[in-house]
Amino acid sequence: MNVAYPAAQFDSDIAAIAGFADLLRTGFENPEGIVGTILFSIPEYPDQRFIVRCTDELLIERDDLERATDTQVIIPVATIHRIFNEFKVLDWRDPAIIGTITFTGNLALANHLAKSCIRPSNWTMARFRKAARIHAAKGYRHLTEVDYLHQPTQRQILEVMEESRPVIVTGLEPTPPCEDWSIDRLADCYRDAVVRVRSATQRQTMAEFVAELKAFEANPYDEMIEGFVKPYTEGANLPEEMFDNFGPLFFDPEDFAPPQLWLGSVPTHIPTSSLHRDPLTGFLQQVIGRKRLELYSADQAELLYPMKSYNNYQPCWFKPDAPNYEIFPKAQVANSLSVTLNPGELLVQPAGWFHQVYAVDSPNMSVSYFWRY
Ligand SMILES: [Fe+2]
């Protein structure tokens, strides 16, 4: 399934706008049958606006542009060019992108379409193919228990990655992370570390975040209102102050992408990360509370309905926590390996394994980092 889009050089803005519509159309999938219309306006080129209609496929309509649509998107031409330059790495959370676009009306529709713009690199697709080959040859879909390694050497970790086999590492103590961490201890040790940046003017320190977290834990999810932001850091960059205790293990820090912090109050019955896979080997270090992961081998991709448009990670249409076997019948025969991670344990998850993550306890804290190679 090669859906990589040719990296066209769009000399003119007009060609870029036409190419953008084509990118949306060719990346679109709609297994859940979402319907609706979206008007895309480009402020610099009012007469180049167009309407997309979500059906089984995406229809681009350029007539009758005055009619009402469910969603309206205003996107500057510079952002359209940027999408073309970056679609293999594009991150919609990047304020330099999302901050330039105006949305009104049904935002779920815009969200659905945003996925259509991204594409995997050939390198990423090759990683997934290689993982699928190894997993099929080793019969990983039938694994029922994860292996444990106590205080492994770097060489053992390399062997695990070579075999593309997930393992849980134990014996990291007495060096933290350990059972002794709590949100109070975090607030004491890292009072002024910035853990969450929400905008140019809104940044939250550990002390402020923990105070918000404690207030929330006293009354969790009682008053869910629109625009509510749950007290969860959602993979924010790990503050440098925390590297000594929670920074990457086994290899040099430069061998890893910047570590991410997953700290906060999270519902335990819905996934903290929905089913997806990553093209790099992930290290997940558990610090506070437990996490549970459902792992699916890469050779089961066809059973999990992975999205064809993705770049840094590949989400699936199928949701194991709310399975719809009428739309996704093949998922009935998918096998998962269930893994529970306790505080002080670290999961090494080689590239290509599909995973869905749940917090078993709240509050919860993990640190994750990807090996670059
Ligand atoms: Fe992941």
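Into which domains is the protein divided? In this predicted model, the chain comprises domain 1, spanning residues 13-117, and domain 2, spanning residues 123-370. The centres of domain 1 and domain 2, taken over C-alpha atoms, lie 31 Å apart.

The interface between the two domains was examined next. On the side of domain 1, 14 residues are in contact with domain 2, which contributes 10 residues to these contacts. Seven residue pairs are in polar contact between domain 1 and domain 2, with both residues of a pair at pLDDT 80 or more. The residues of domain 1 that touch domain 2 comprise five nonpolar, four polar and five charged residues. One salt bridge is found across the interface of domain 1 and domain 2. A salt bridge is formed by E32 and K319, with a separation of 3.7 Å between the closest N and O atoms; the pair is assigned as a salt bridge because this distance falls within the 4 Å limit applied to a side-chain nitrogen of Lys or Arg and a carboxyl oxygen of Asp or Glu.

The model also contains an iron ion, which is coordinated by H276 through NE2, D278 through OD and H355 through NE2. Along the sequence, the donor residues follow the spacing H-x1-D-x76-H. Distant parts of the chain are linked by the pair D278 and H355, which are 77 residues apart. Of this pair, D278 occupies the loop between β12 (273-277) and β13 (282-288), whereas H355 belongs to strand β18 (residues 354-359).

Several backbone features were identified in loops. The peptide bond that joins S362 to P363 adopts the cis form, with omega near 0 degrees. P363 is placed in the loop between β18 and β19, the latter comprising residues 364-370. Positive phi values occur at Q151 and F250, neither of which is a glycine. For Q151, phi is near 45 degrees, and this residue is found in the loop that connects β6 (147-150) with α6 (154-163). For F250, phi is about 75 degrees; F250 is located in the loop between α9 (243-246) and β11 (260-264).

Terms used: Residues are numbered from 1 along each chain as its sequence is written. This is a predicted model: local features need pLDDT of at least 70, side-chain atom pairs count only at pLDDT 80 or more; totals for chains, interfaces and linings use all residues. Side-chain values use heavy atoms; hydrogens and water are left out. Domain bounds come from an automatic or database domain assignment. Contact means heavy atoms within 4.5 Å. A polar contact is a pair of N or O atoms within 3.5 Å; within protein, one must be able to donate a hydrogen and the other to accept it, and residues adjacent in sequence count only if both atoms are side-chain atoms. Ala, Val, Leu, Ile, Met, Phe, Trp, Tyr, Cys and Pro count as nonpolar, Asp, Glu, Lys and Arg as charged, and the others, Gly among them, as polar. Donors are N, O and S atoms within 2.8 Å of the metal (3.2 Å for Na, K and Ca); water is not among the atoms, so sites may look incomplete. Helices (H or I, at least four residues) and strands (E, at least two) are DSSP runs, numbered from the N terminus.
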